[in-house]
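Subject: Handing over the structure

Hi there,

Here is the structure I promised to pass on to you. Please have a look at it first, and then read my notes below.

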Amino acid sequence: MLLSYLKIAWKVLLRRKFFTAISLFGISFTLMIMLVVYAMFDYVAGPHRPELKADRLLFVSRMQLVYREGGTSNSNLGYDFLERHLRTLKTPEKVSLSLGNFSTVTAYVGDQTLKLDRKFTDGEFWQVLDFDYVAGRPYNAREVRDAAHVAVLNETTARRYFGNVAAAVGRPVELDAVRYQVVGVVRDVSISRINTYAEAWLPITLSTDNLRDPSYLGRYQAIVLARQAADVPLVQQEYQRVIDHLPLPDPKQYKQIRSYAHTLLGTLTARFNMEGGPEGGAKVFTRAALVLGLLFLLLPALNLVNINVSRTLERASEIGVRKAFGATGGRLVGQFLVENIFLTLLGGILGLGLAAGALALLNSSHFIPYATYALNERVFGAALVIVLFFGILSGAYPAYKMSKLHPVKALKGDAGS
Amino acid sequence: MLRHLFTLMWNRKRANGLLILEVFMAFVVLFAVGSTGVYLWRNYQAPLGFAYENVWQINLNSGSQPRAEQVATLQRVLAKLRTTPGVEVVSRTEDTTPFSYNGNSGNITTGTGDTQRRTEEADFYSGGPELREVMGVRLVAGRWFDRRDETPTRRPPVVITEATQAELFPDGQSALGKVIHYGFHENQERVVVGISGPYRAGGELSEPRSALFGYISPQDTTTALNTLLVRVQPGTGAALAKRLSDDIRLTSGGRWSSDITTLREQRLSKLKVLLTLPAVLGVVCVFLLVNVALGLFGVLWLNINQRRAELGVRRAMGATGAAISGQVLGEILTLTTFGLVLGLLVAAQFPLLGVFNIKAGVYLTAMLLATLGLYALAAGCAFYPSRLAAGIQPAVALREE
Amino acid sequence: MTDDFNALFMQSTSTTSPVIRLANIEKVYQTRTIETVALSQVNLTINRGEFVSVMGPSGCGKSTLLSLMGLLDEPSSGTIEIDGRPVTSYSDKELAGLRNHKIGFVFQSYHLINDLSVLDNVEMPLLYRPSIGSSERRRRAIEALDKVGLTARTKHFPAQLSGGQRQRVAIARALAGEPEIILADEPTGNLDSVMGEEIMELLLGLNREQGTTLVMVTHDEQQALKTQRLIRFFDGRQVA
């Protein structure tokens with residue numbers, strides 16, 4: 001039965017090439033746009049290097065002090081606070097402390113100025129995260145403790161500064177007139193990996209900040225690696241207990257401290273929504289994204305519905321014959337849905353191709369520094385879900401109309417209006 | 001004829017319901033893009049009020065130096081920079097520099113009680129006596145900050161823009177010498193010493209609004225310690241930047257570092273950020289509209305094929321080919337009008353409710369543009385099908401059944 | 001423009017003058033592979049005030065003949081004259097005007113517009129006369145509906161009417177423009193005998209009382225005998 005449906009579907013598509021083209025255009029471009037957006041989202045919040053073990057990682061990057069008179073004070077955390085309360089957590093496998101953001105340093109090569117984004121990290125940073133080493137090695141805990149003047153550069157910076165990557169290791173690089181010895185070169189990290197991105201990584205002990213400052217608020221963050229994905233809630237709960245027992249810095253001024261161990265997506269959404277609680281507003285974000293996606297789908301789907309309804313009336317006599325020979329309404333609905341899903345699947349394949357092209361274009365434009373967007377199995381999965389959803393959304397109403405056609409009228413070609 | 005079309009389309013509203021819905025949504029899309037476009041374009045047309053070429057911003061990082069020592073170091077650094085060849089003028093400022101993402105805003109008030117007047121949200125900038133020369137701000141009346149302002153017993157001076165003056169004193173009297181209040185230090189009295197032209201540090205795409213400049217005295221030891229704006233001679237480049245950076249480090253005994261960027265770079269980087277979303281929105285909307293256009297065209301084409309008999313009868317009854325194509329065109333425009341009315345009802349809520357605090361004129365212009373665009377889209381889609389309808393041979397069409 | 005048409009059409013109205021004259025008409029349908037001769041060697045004159053019926057088996061060219069007389073189609077060769085003037089001399093626009101002012105059509109399957117009410121359907125031909133205002137249009141449409149006895153149904157839609165009623169609406173539509181000639185293509189073909197009889201009486205009455213010229217294609221010998229003249233067709237040729 002399915003095969004014969006597909007045969008008919010194929011013939012219908014070929015019979016009216018113009019309408020097939022219109023439909024395919026709509027479907028494939030809709031899908032392309034959705035896939036590009038999803039691939040970009042996945043690139044920001046999915047498991048990619050260096051946060052390859054995203055399912056085991058937690059980020060403590062912000063603290064919020066709530067004033068008694070209303071209002072809040074938000075910031076990254078103090079190094080000393082993290083050292084005392086995060087390093088001592090029992091449940092995680094490893095904890096890494098680093099600068100919460102990045103700062104700019106200047107290097108001069110000949111008469112050229114290189115502006116580099118610099119991040120201070122500890123030695124564990126390289127163990128918790130999975131960087132891709134092109135040459136050399138990361139700096140270790142001892143070098144960090146001794147405040148050794150060492151640096152890890154990204155590939156592009158090494159190439160621009162030294163001419164080629166292999167020659168960089170062991171040579172000095174001068175940043176803001178301070179010399180560091182390059183110990184390793186890693187593959188470029190995109191700026192959209194906001195927690196780990198930099199162009200030059202330096203030992204945290206070289207920071208000019210006073211690391212012994214006991215303030216809760218500061219410029220630092222902790223990246224926590226759980227032993228396994230299932231331990232993530234345990235770590236979150238343990239950190240929550242720490243926060244709950246934390247004395248207020250000035251009880252006259254403040255009434256509450258908020259800080260959470262967020263997942264990768266949570267840490268991103270929490271930047272915009274500090275009220276989001278332990279999951280950082282990730283659920284709200286997901287819901288909002290789904291609604292927006294649905295709204296975007298609506299117009300192309302409606303368009304396809306309109307074309308489909310018109311074509312259904314055009315095929316009235318075929319439907320009349322089928323009904324006359326005993327096809328039930330349900331069967332006709334099935335047939336039409338199969339046809340429409342077949343069409344949207346074709347559009348889906350085209351859409352994947354278009355999305356791959358669009359992403360390649362985006363990568364080569366360097367519009368977002370160091371971004372290398374690509375399709376992966378999650379994007380394929382998303383494509384399949386969207387296509388099926390789209391196929392059913394745009395096929396259901398025309399199919400219903402088709403099944404309601406009166407066979408006698410349909411045979412006379414008087415489909416009515 | 002018009003009434004005939006309305007009757008016909010009204011009676012077909014059930015069959016055309018989805019089409020009307022599609023037109024409605026296309027209108028919403030056009031309206032959204034139109035509003036964004038008109039808003040940005042209007043902003044872009046307004047004068048910037050300053051010259052960004054050959055101006056550099058220097059961010060100073062004093063590292064772990066105690067605050068008490070910083071002022072003295074800053075004075076040494078300023079003196080050094082001012083004598084460096086290639087540097088024309090240097091001014092201290094706060095971090096609300098042109099094309100930065102930092103802003104300081106609030107209401108400005110004047111008078112008290114019943115006679116108090118208050119501006120809408122306005123931008124607060126601050127600068128030293130040299131800022132006007134660095135940025136090329138136009139002075140309309142009064143004077144810029146100078147040595148007279150250093151007398152500590154005076155009430156702090158302030159320079160306001162023409163727009164602020166117009167907002168605070170709508171009766172046209174001069175604001176010079178008047179007392180105003182603004183921002184965090186709401187109780188502090190400030191005296192207007194000058195009226196300047198516009199100043200939109202937010203860049204070309206920011207909304208033009210009232211603004212004022214607060215005064216940073218050369219003796220100020222609490223604010224504006226970390227940011228400098230420097231006008232350099234045309235044609236200077238990386239060599240001077242490196243020299244300035246070295247000078248700053250050496251003058252501070254190796255404790256300070258600096259980050260030098262040109263305002264030209266900052267402007268491009270901000271434009272990129274601000275234009276990305278509208279550009280993406282634009283591309284997506286163009287796609288949606290092309291999609292709608294193709295769909296509408298397809299539906300109309302199929303429609304004509306199904307209505308051959310009816311159109312044949314009309315020909316037989318004496319309608320000319322032009323009348324038939326006019327009718328098809330008229331029908332789709334009528335249908336568009338139905339969707340449009342729905343869309344306008346929704347769009348009208350934006351200026352009525354003052355959504356996003358944007359001027360009603362922007363929304364009204366966008367509504368007009370969207371309406372014209374929609375009619376053009378519909379007429380474009382109907383053109384070929386209407387020619388097709390005009391070409392129907394009545395004898396053939398009537399024999400088909 | 002309307003004045004021109006009036007000058008053109010409101011000519012002599014003597015009862016024996018020919019209204020439509022077909023001379024040496026030949027009509028060939030050409031498809032990619034075959035050539036079908038629909039009409040051949042047709043010479044025919046319809047006089048003012050006549051009621052002529054045309055009979056013949058299916059596919060003999062009756063409907064083609066009616067299309068040619070109604071200026072919906074052009075002959076492959078031969079001349080058609082309306083009021084003594086060959087139609088080839090008319091522009092497309094003038095032809096549309098001729099159809100609108102001079103000719104009314106009635107079809108076997110009614111061809112009413114389903115989405116318009118009875119009244120709107122009947123008004124339709126008058127829409128193509130810019131000189132007539134909406135109240136005048138309404139008045140004439142109601143007058144035409146009065147002639148077919150359907151004034152009570154003006155607000156109904158075609159789907160709410162019986163076949164006979166629908167055909168009466170179609171006749172009212174043909175009458176609304178006050179044409180000199182009505183061309184009816186099997187007007188009773190879709191109706192049962194009682195309803196068919198009603199329609200036939202209506203057409204005969206129009207011919208008798210208003211002097212309307214009628215050409216009717218029919219399959220019904222009984223009906224044909226009631227008309228003044230009967231023309232038979234066979235294989236695209238006139239046989240009687």
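Before the sheets, a definition: two strands pair if DSSP finds at least two bridges between them. Helices (H or I, at least four residues) and strands (E, at least two) are DSSP runs, numbered from the N terminus. This is a predicted model, in which local features need pLDDT of at least 70 and side-chain atom pairs count only at pLDDT 80 or more, while totals for chains, interfaces and linings use all residues. Residues are numbered from 1 along each chain as its sequence is written, and chains are lettered from A and ligands numbered from 1 in the order in which they are written.

**Sheets of chain C**

One open sheet of chain C has 4 strands in the order β2-β1-β4-β5, with antiparallel pairing. Its edges are β2 (35-47) and β5 (85-86); each has a single partner strand, so one side of each lacks a neighbour in the sheet. Strand β4 (residues 77-82) of chain C is joined to β5(C) by 2 bridges, and the two run antiparallel. Look for C:I82 here, which stands opposite C:R85 in β5(C).

Another open sheet of chain C has 6 strands, ordered β6-β7-β8-β3-β9-β10, and its pairing is mixed. At the edges you will find β6 (103-106) and β10 (237-238) of chain C, each with a single partner strand, so one side of each is left without a neighbour in the sheet. Between β6(C) and strand β7 (residues 181-185) of chain C there are 4 bridges, in the parallel sense. C:G104 has C:I182 in β7(C) as its bridge partner.

**A helix pair in chain C**

Next, helices α6 (residues 163-176) and α7 (residues 193-210) of chain C: their axes come within 9 Å and cross at roughly 20°. Axes here are lines fitted to C-alpha atoms, for helices over the stretch in contact, and angles run from 0 to 180 degrees between N-to-C directions. That crossing angle makes α6(C) roughly parallel to α7(C), a term for angles under 35 degrees. Residues are in contact if their C-beta atoms, placed from the backbone, lie within 7 Å. On the α6(C) side the contact is made by C:G163, C:G164, C:Q167, C:R168 and C:I171, and on the α7(C) side by C:M195, C:E198, C:I199 and C:L202.

**Where the chains meet**

Chain B has 30 residues in contact with 30 residues of chain A. On the chain B side, α2 (17-45), α6 (238-251), β13 (257-262) and α7 (263-306) each supply at least two residues. The largest share of that side, 12 residues, comes from α7(B).

Chains C and B also touch, through 24 residues from chain C and 22 residues from chain B. On the chain C side, α2 (62-69), α3 (92-102) and α4 (118-127) give two or more residues, and α3(C) has the largest share with 6 residues.

**One residue of chain A**

Finally, A:M63 lies in strand β2 (residues 63-67) of chain A. Is A:M63 buried or exposed? A:M63 is buried, with 22 other C-beta atoms within 10 Å; the cut-off for buried is 20 or more such atoms, with C-beta atoms placed from the backbone. Neighbours within four places in sequence aside, A:M63 is in contact with A:S75, A:L77, A:Y216, A:L217, A:I257 and A:S259.

Technical notes:
Two residues are in contact if their C-beta atoms, placed from the backbone, lie within 7 Å. Angles under 35 degrees count as roughly parallel, over 145 as roughly antiparallel, 65 to 115 as roughly perpendicular and the rest as oblique. A residue is buried if 20 or more other C-beta atoms lie within 10 Å of its own, exposed if 12 or fewer, and partly exposed in between; C-beta atoms are placed from the backbone.
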